[in-house]
Amino acid sequence: MLTDRPSYKALQAHYQQIQQRHLRDFFEKDPARGERMNAEAAGLYLDYSKNRITEETLRLLSALAEDCGLRDRIDAMFQGKKINVTENRAVLHTSLRAPRGQSLAAATVPDAGEPVHQVLDHMAKFANRLRAGQWLGHTGKPIRNIVNIGIGGSDLGPVMAYEALRHYSDRKLTFRFVSNVDGTDFTEATLDLAAEETLFIVASKTFTTLETLANAESARQWTLDALGSPAAVAKHFVAVSTAAEEVAAFGIDTANMFGFWDWVGGRYSMDSAIGLSTMIAIGPDRFGEMLGGFHAMDEHFRTAPFERNLPVLMGLLTVWYNNFFGAQTVAVLPYDQYLKRFPAYLQQLTMESTGKSVTLDGEPIATYQTGPIFWGEPGTNGQHSFYQLLHQGTKLVPCDFIGFRHSLNPLGRHHDLLMANVFAQSKALAFGQAAPAGEPYRNFEGNRPSNTILAERLTPAILGALVALYEHSVFTQGVVWNINPFDQFGVQLGKVLAQEILPSLARNAPVPADDSSTVALLRRYRGLSA
């Protein structure tokens, strides 16, 4: 068990020695701390000096990582070994962005090499035709509206990437994203669209995902109601799937099916065919730049020593606060409006990965905590809502600030005002401020840790590097906690029970023998008396 390791016990002893020390003290005793405690890779600069750590803390955290076999686990992932043991699969999202002929895993998993680039070529050919107005709908009009239908990773990744890279998108095209099975989502997404100019991308690996197929069927009916002929489906739908038979039965031409593999996990799939909407929006060349940013961070993670390795540092700092300080959440605070969906994207990446309570050995975890809750909003909006709790609340919330030297939309002094807030907020959290006499409610304790990530500007390459940074940080945490960050069995139970309950919602169906709460709710929903 993790807590029995000598390296963990050494960290516990170290924590007891420094837990009461204030960040003001760290900086007073080491004025050059901010110049030294930083690392840089793939266009990202990480300042981690405002953390409640010393050089000894970093040494001990690195020793814990070594003790847990992080280096071997990194090598195993990149080589295509089946480290997703509960599903007996390799974990090869890094092969989705490896340059042609350079996938380390291709020797053991043939799909991880040339087939990836064949799919990318297929995507590029389709995207270029659509962007050029050469893909025509059933009535001969070019497609101007693209609606991505998916859920989980097949929605969160594409919508985040579209919003993040909207500056680079083709503004002649309209993009919408539908995921919720609530009919409002589909209705509002299509309310002002013309069916003859609309293409639906249905993203479901098995083409059986309940929510996605319900929305796809509604989209099919919406199209048929407007265009009349079943032949229209082939002109207005494409699929991101591997289930050719189901795709064909739906009416989609399998020549317009874009595949991926069982080693592509949903929350690691935005750079696979799941990113088709992204490629259409920004073009194949810029999509390639995004893949290059992913790959640059992959190579840094694979090769850099732990003490200079950005994902390792961030992952170990998360462990430090989660397991020793008892911090239950991490706030991600991007100071760029284009990254407004980035915290929501990270919620799936982090909490679906590290929300586990059983070790790789099948043992219940009873002596330590695993995944913290990730949340956040763009600055400066968040400053006027939850920052009060960050500064003066009773909970310790480590923060990641994300900022850029240059705005993609320079407007007067706006960007300087924005970035002044980045630096001011991290400074205020770290150092605080004493209250005037007799006004204790104005006291800012400080000593609240944060990382600051800076880049030149938000480009496709930087977005790729940023996503890969958090992917590999999550992997680092999973290795230390001895859990499998690549399965998500906790997602399934609710889906199974929903299918069992669904027949009971019909008007004349019998009320099932179930727990009293579920029975009462079913009766209430159906308007039945007790």
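Q: In this predicted model, what does Asn322 contact once its neighbours within four places in sequence are left aside?
A: Asn322 is in contact with Ala327, Gln369, Thr370, Gly371, Pro372 and Trp481. Contact here means heavy atoms within 4.5 Å.

Q: Where does Asn322 lie?
A: Asn322 is part of helix H14, which covers residues 310-323.

Q: Why is Asn322 called buried?
A: Its relative accessibility is 7%. Buried means under 20%. Asn322 therefore counts as buried.

Q: What makes the pairing of the Asn322 side chain with the backbone oxygen of Gln369 close enough for a polar contact?
A: A polar atom of that side chain lies 3.1 Å from the backbone oxygen of Gln369. The limit for a polar contact is within 3.5 Å. The distance of 3.1 Å meets that limit.

Q: Why is Phe207 called buried?
A: Phe207 has a relative accessibility of 5%. The cut-off is under 20%, so Phe207 counts as buried. Phe207 sits in the loop between strand S5 (198-203) and helix H9 (210-227).

Q: What is omega for the peptide bond from Gly379 to Thr380?
A: Omega is near 10 degrees, and this bond is cis. Most peptide bonds are trans. Thr380 belongs to the loop between strand S9 (373-375) and helix H16 (387-392).

Q: How do you know that the radius of gyration of the protein chain agrees with a compact globule?
A: A compact globule with 530 residues would have a radius of gyration near 24 Å. The protein chain has 25 Å, so the two agree.

Q: How many helices and strands does the protein chain have, and what share of its residues is buried?
A: The protein chain has 20 helices and eleven strands. Buried residues make up 54% of its 530 residues.

Q: What share of contacts between residues at least 6 apart in sequence joins residues at least 24 apart?
A: In the protein chain, that share is 73%.

Key
Residues numbered from 1 in each chain as written. Predicted model: local features only at pLDDT ≥ 70, side-chain atom pairs only at ≥ 80, totals over all residues. Heavy atoms only, no water. Helix = DSSP H or I, 4+ residues; strand = E, 2+ residues; numbered from the N terminus. Buried < 20%, exposed > 50% of the residue type's maximum accessible area, 1.4 Å probe, protein only. Polar contact = N/O pair within 3.5 Å; in protein donor to acceptor, adjacent residues only side chain to side chain. Rg over C-alpha atoms; globule rule 2.2 N^0.38 Å.
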